Every structure is written in C-alpha cells, then in structure tokens.
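Please look at the sequence and the structure below before reading on.

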Amino acid sequence: MLSYFANPVRFKTLSKWVAPILGIGAAVLIIPSWIMALFIVPADYQQGDTFRIMYVHVPAVFAASGAYAFLAIASFFSFVWRHPLADTAARVAAPIGAAFTFLGLFTGALWGKPMWGAYWVWDARLTSTLVMLFLFLGYMAIRAAIRDENISARIGAIAAMAGAINLPIVKYSVEWWSSLHQSASINLSGSEIDNSMSTTLFVGIIGYFCLFGWLVINNMLSELDTRRTRALVIRSSDQRPSTASKQSTGNPDA
Amino acid sequence: MPELLDFGKNSIFIWTCYGVTIVVLGAMIITSLRKKKLAKKALAIVLEEQKP
Amino acid sequence: MVRGANGSGKTSLLRILAGLTSSYSGKLQHKFGDSKWNTGVSSGSIGWLGHKLGLKQDLSAIENLAIWNETYKQHGDISTALQKVELRNTQQRPVYTMSAGQKQRLALARLLLSNSQLWIMDEPGANLDSAGNKLIETLLQQHSEHGGIAIIASHDQINPDAPTSYIKLEQVATA
Amino acid sequence: MISQLKLIVFRDLLLATRSGGSWAQGSIFFILFIMLAAFALGPDQAERGFIAPALVWLAVTFASQLSLGQLFSEDLNDGSLECWVTDNRSLFVYVIGKLFSHWISNFAPILLLSPFAAIMLGADTSSVPILMISLLVGGPAIVLIGAMASALTANLRGAGLLIVLISGPLLASPLIFGVGAVQAGVINSVAMKLLGAISLFSLVLSPVISRLALKIHLE
C-alpha cells in the first residue's frame, strides 16, 4: 500500500521538473524546425517544394511508432508488476499515439498525391501503419469497455503487448517488401540529402518526442488527480467509513 | 509576402498538411492543459470539503 | 463460516481462497498465504460453489452431472447424488426449464460428485427455501462426518435457522 | 490430459447440437455475404471470377470472427470455467479443447461451403483446389487470432463488434498472404509458406494469450 502511494508522489515531484523541460523543448525544437522546413531549407531537386511535407510527416510517424513502443512497454510493466502508474501511462499514451498515427497517415496521403499520383496505395508500410492506428483504437475501445479498473488494465495490457508484433512490420516492411517508400526511411546520416534538410528533420523528430512526453506526463497528472478525487468522493459518500479499513484487515479474522 | 508562402502548384497540399498538424497538435495541447486544470480544481474542492 | 455485511468482501475472500483471484492488494492474500495453505489449495481440488453455478442451460440435470463426473474422474454415483438433493423427478429436464432453487440443488449435487475434501461455498442458501436450507445442513453434516471441510459465506445474519449446525463447521473451517 | 481434452471437445459438440443451430450462424452469414457480394459486383462474370477467391477469403474471415463471439463468454458467465479451474484443471487444456471443438462445429462447415461459394461467384474451377488449400493453411491463423480477441473480451456483453475491432488489424497479414497464395496459383508459393508460418505463430501465441486473458476475467 505504501509503495502504491509513494510512487505517484515521487512521480509528481519528478514531473515538476521534467514536464517543463519537455514542453519548452518541444516548442523550441518543433517551431524552428517548421520555419526551417518551410522557408529556409532549399527545395528538393526532384520533388520541389512538396518535399517540405516530410517535416511534418516523418516526425509524426516516428512519434507514432515510439508511442506504440511506449504503450507496449508501459503495458508490460503494468502487467508484470501491476504498477498502477505504468497503467496510467499506457492509458494516456494511447489516444496521443493514435493522433500522431493519424497525422502521419494524413500528411503521408497528401504527400503521396503529388509524389506518386495517389493519395493511398496499399503497400506494406501504409497498411501496417494503418493497422497501428487500429491497434491504438482497439486498445482504447477495450479500456473503455471494461468497467473494472483492475481487469481493464490487465486485459488492455495483454492486447497492447500482442499488438506490438506490428511494430517490426512497420519498421522493416520497406525492406521486406518492395514498396514506394524509400528504404532506410529517410536517411538520417545525411549522406543522401542536404545537410540542412537532415538537421531540420532530426530536430523535428526530437521535438515531436518531447511533445509526446509532455502530453503523456501532463495527462498522467490529470488522471492521477481525477482518480484521487474519485477515491475521496467515494470514501466520503460511504455511509460507514470504517468498512474501507475493515476490508483489508478485519475480514481475514472472520 | 505572398511569394514566400507560395510553393507552386502543390501549395495546397503543403499548407493543408501543416494546417492539420497544427490543429491536431494544438487541440491535444489545449485539452491536456484544460484537463489538468479541471482535475486540479476538482481535487482542491474535494480536499477543501473534507477538511473539517 | 464467513459472515459479514454486503460488500464486506466475503466473495472476494472466497475467490482468493479458491485460487481464482491471485491477489487484489497482496496484503489480504498474505494473511492467509502461509505456505501450507497455499500448497493445500493448489495441490488438491476444491469443490467450488459460487454465485454462478457452472451448469449448462441446454443440457439436462443428468447430462450436466455426467460431464462434471467425468471431469472429476471420481466415478461417483450420479443417481445417488440426485437422490440426495431430491431432484430425481426432474433429472431429464433441461436446466433452463428448472426453477432457481432446483438449479441450486443441482449445483449441490455437482459438489457431491466432486468428492473433494474442501468445499468453498458462496451463499449456498441462495434461492433455496427452508427445506433447501435443511438439505444443505444435512449435506454439510455428512461432509464433515467424512472428514470434509467447508468454507461458507453467508449474509443471512437475521436468519437464525441455519447457525446451529453451521457453527460446528466454522471451527473446522477456520482451524 | 488427453481425456480432459476429449471431454471438453465432447461437451462442446454436445452443446452445439443443443444450441438450436447457433453453430451454423457463421455459415449462414458466409453464404449471405457471398450472395450480397455477387449482387454488389454486378453481372460481369469475368470480373467476378477474378476477385472471387479474394471475396471468399474475406467472407471466411468475417464469418469466422462473428462465430467466435461466444467462444469463451458462455463458460465464463455460467460459472463452468470457475468450477473447471477450482477443480485444479488446466486452463490451457481447456483453451485448446475449445479451439478444437469450435474448429469442428463452426469453422469446418464454412470451409465446406467455400468451394461452392467460389464457384457461385464465378471463380475459375481450376483455382478452387488452391483456394481450399490456402484456407486450410491460413484458417488456423484466422480462428486463433479471433479466439484471442474473444478471450480478451470474454465477459463483456455485446462484445461481437469489439472482437472484430481487436482481431481485424491482426487479420490483415493472413488475409494478404491468403489471397496472395491463391493468386500465385501453386501450392509451394512464398505466400503459402508465409501463411503457414503465420498459422504456426498464432498456434503458439494465441492459446497462451487466451489463457492469460481468461485467468484475468476469472478474478
């Protein structure tokens, strides 16, 4: 019981430092990267200005995959050690991950139209990314459908972990199946593309991850507050305040 | 500076991408902040009620 | 005998004892979780009678028992068990045509077939009339005479016709 | 252990005969799906013939998912599973038995109907054997993935749609390779091998996950 309460408190103190860093980090990384992307980076010699979509597309997809990995890992912690904080993290990460996945797919479609002449093709990476979106949504549906917090957390965790199979498919689909996507998923070493381009992209990706972290921490804090409020209200509305304590200590003597 | 914002025939794609991204990310940030504020407030009210 | 008001955790306790719930907070389990008890529970089979009776609605009484008899591998006598719970007349009827009390009796018959030493019963008197409660008392007495143990949850605190024979079993149960 | 497995299978098949034909619901859905698909595609025989195998695969997938809805929930809700577990019986054996009996009672009828469905849709008769083989090879994957989703949502009322929501994304790969195997036209195509690999992989993973999920639902 003690560790249960101690950890959220520790988390809160820690988040007081980490959240602003991530928030500011996200702002100072994402906004300049966009300005760079739109106005400073030269147009690609093949694709022209359409190339600029990459700077919102790639970070979103990276952040989405990262979010799923985060969800799966948090689920693992929540499942094995039944850590409530890990479960909260998983729970709040899912909708954020879904939003990033949506952004990745949406910008990808708009990039695909001028580039390949089609908004959507059913190649392996697009399909597996779409699958990822549905995995996020499925996870959220499970969490919403099961009322019992305890069971909801554990069943959701299993589903999230099972869905992690999709992650390597997203990652390696380009290499496994010939696809319209560039392999080596937009080279970060900068050997192929202009240096300012890769720097801008890299900054954007880091920025998106900061934003993801900030959103997760912030939403976790609200979730923790909400849970505490609910617990307090339930306790106060209980006619017999002693039952709560009886349940853990009194009953075994019966 | 209209020429700076003009990316040729594919302008509309680029601006839609950035626009939607900003809207979605912005919405997430705003709801997150609002939720946090509301949760804090609700907790403060309940704590205040239960003090006496 | 486990007693307590509604929501005091009788069912939870029984489910933990039966090994269905691994733990809620860990603490409750630990109170009971001395290693002897745990191995005792996990090595032997438990005759479990919960709120859900474990009966198939589409099968007749006798078919339900036959399946469980096969599961328990004790080759108990189904007709004797049905005799004991006074269901001989309805044995061919599918369970969904039975009354709630009859179903409860049928579940008791299943318990008889299980032949396990330890019975864990959650509200065994639910849906039963006074004759049914008497029946449970008789069955429990026979069970204890054969060296069996029963852990029973019941919130019929105002119902005084049961305790006289129940108390005896309480000592066995908590010993 | 084998006797327990037999018992579960026997019990479930007995229940299937008493259930008023609920085992056939998947098959009926399958036929309806094929019929409506034929209407939607219109009278162009050549075009229909070309996509018939894909449609049969799709119909089999959805029909099997629908029939999986009640796979575990009944035993969970009527307490049979509680009694099974408290009697110290293996939950794993139970899951395997359930899968096996479901395969016989619900999935096999759909499989038996599928060659007729393919021909009704105008598929090339020569492609029917390979379609059947691909369904036999890939069928386990579909049922196993659906069973996993069914176990995860076992005690939720009206879980039917939720099952498809969970299993749907994971069904993409068997469907892709299943249709791919039919199009390849030979038995030992890469797609067929991958399909078999997915089935084997599901065979390992699905019972384990189902068992875990059921254990949680029993709490």
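A residue is called buried if 20 or more other C-beta atoms lie within 10 Å of its own, exposed if 12 or fewer do, and partly exposed in between, with the C-beta atoms placed from the backbone. This is a predicted model, in which local features need pLDDT of at least 70 and side-chain atom pairs count only at pLDDT 80 or more, while totals for chains, interfaces and linings use all residues. Residues are numbered from 1 along each chain as its sequence is written, and chains are lettered from A and ligands numbered from 1 in the order in which they are written.

Helices (H or I, at least four residues) and strands (E, at least two) are DSSP runs, numbered from the N terminus. In helix α2 of chain D, the residues Gly26(D), Ser27(D), Phe30(D), Phe33(D) and Ile34(D) are buried. They lie on the same side of α2(D), because they cover an arc of only 120 degrees around the axis, the arc being that of the directions from the helix axis to the C-beta atoms. On the other side of α2(D), Leu32(D), Leu36(D) and Phe39(D) are exposed. The cover over the buried residues of α2(D) includes α3 (45-67) and α6 (91-120) of chain D. Just after α2(D) comes Gly42(D), with a positive phi of about 85 degrees.

Chain A has eight helices and zero strands, and 44% of its 254 residues are buried. Two residues are in contact if their C-beta atoms, placed from the backbone, lie within 7 Å. The contact between chain A and chain B takes 29 residues from chain A and 23 residues from chain B. On the side of chain A that touches chain B, the largest share, 13 residues, comes from α7(A). The table sorts this side by class, where Ala, Val, Leu, Ile, Met, Phe, Trp, Tyr, Cys and Pro count as nonpolar, Asp, Glu, Lys and Arg as charged, and the others, Gly among them, as polar.

| Class | Side of chain A that touches chain B |
|---|---|
| Nonpolar | 15 residues |
| Polar | nine residues |

A nonpolar core is a set of buried Ala, Val, Leu, Ile, Met, Phe, Trp, Tyr and Cys residues joined through C-beta atoms within 7 Å. In the largest such core, which has 184 residues, Leu71(A) and Ala93(A) touch the most other members. Leaving aside residues up to four places away in sequence, Ala93(A) touches Ala67(A), Phe70(A), Leu71(A), Ala74(A) and Val216(A).
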